[in-house]
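Welcome to this guided tour. Please open the structure in your viewer and keep the selection tool at hand.

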Amino acid sequence: MKTVIFDLDGTLADTSGDLIAAANACFRQMGVGDMLDPESDQATALRGGRAMLKLGMARLGRADDSATIDEFYPVLLDAYGAAIDTYTVLYPGAMDAVETLKTRGYGVGICTNKPAALADTLMTNLGVRSAFASLIGADTLPVRKPDPEPLFEAARRAGGAPERCLLVGDSDTDRNTARAAGVPSVLVTFGPSGEDMAALSPEALLSQYSDLPDLVDQLLA
């Protein structure tokens, strides 16, 4: 079977609001107040918890304070897990595209660098976990993206042959994962870093989810 594997943050869903809220909870606990802005810092949020903590620490003039970042990363995960879907929304048309792909005979799964339990909780809370045959998180295997093995495992668990998959993502991490795997990548342009995606030279760019099924047909023909 051919499979289409999706990144989560910034690809299937805009999770930036809840991620930034969790990071700001850490900075408030440090006694310095909110350091990240829900609007202007969306792109950093979608790169993960450590990226947000590092940005905030840099704004405090403590960019090299890796000990504090390490200390507060578990605090951030706890805060995020406690309020994981307050602001998060699926991107328009995402689930319609997923269902269309399934009717065309593709397996679908998720490969994310979010911890697996958090990813599973989020997708369950959004009511769409059952639509995906697999979910591989940052801690499912000993390696994470851009190593290709999580992508291959997501394809396998979705019932597909690893070499016949395609990755839909929103970052250089996703592009590099697909390149390392020797499979096509489709990068979305509707996220906060959308204008930077063309420079990564993916096999295709996606501006709206309604175009995805036909793009997949072409790339996996």
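Predicted model: local features only at pLDDT ≥ 70, side-chain atom pairs only at ≥ 80, totals over all residues.

Select P146, which sits in the loop between β5 and α7 (149–157).

The phi of S201 is near 55°, a positive value in a residue other than glycine.

Now turn to the sheet. In what order do the strands of the open sheet come? Colour the 6 strands and read across: β5-β4-β1-β6-β7-β8, with parallel pairing. At the edges you will find β5 (134–136) and β8 (204–206), each of which pairs on one side only. On average, neighbouring strands of this sheet are turned by 25° against each other, direction ignored.

Zoom in on strand β1 (residues 3–6) and strand β4 (residues 107–111): these run parallel and are joined by 4 bridges. Select I5 and look across to β4, where G109 stands opposite.

Then show helix α9 (residues 212–219), which packs on the sheet. The strands touched by α9 are β1, β6 (165–169), β7 (185–188) and β8, and the direction of α9 makes about 170° with that of β8.

Time for some rings. The structure holds 4 aromatic pairs. For one of them, select F6 and F132: the ring centres are 6.2 Å apart and the planes stand at 80°, so this pair is edge-to-face. F6 belongs to strand β1 and F132 to the loop between α6 (116–125) and β5, so the pair ties together parts that are 126 residues apart in sequence.

The last stop is the largest pocket, which holds about 710 Å³ of space. Which residues lie nearest the centre of the largest pocket? Select L46, R47, G48, N113 and R144 to see them; the whole lining has 36 residues. By type, the lining divides into 16 nonpolar, 9 polar and 11 charged residues.

To see which helices take part, show α2 (42–45), α3 (49–59), α4 (66–82) and α8 (172–181), each of which supplies at least two residues of the lining. Finish on α4, which gives the most to the lining of this pocket, with 4 residues.

Technical notes
Residues numbered from 1 in each chain as written. Heavy atoms only, no water. 1 Å grid on protein atoms, 1.4 Å probe; cavity = no way out; pocket = protein on both sides within 12 Å on 5 of 7 lines; lining within 4 Å. Points joined across faces, edges and corners; volume = space filled by probe spheres on them. Nonpolar A, V, L, I, M, F, W, Y, C, P; charged D, E, K, R; others polar. Pairing = 2+ DSSP bridges. Axes fitted to C-alpha atoms, helices over the stretch in contact; angles between N-to-C directions. Contact = heavy atoms within 4.5 Å. Phe/Tyr/Trp six-rings, centres within 6.5 Å; stacked < 30°, edge-to-face > 60°.
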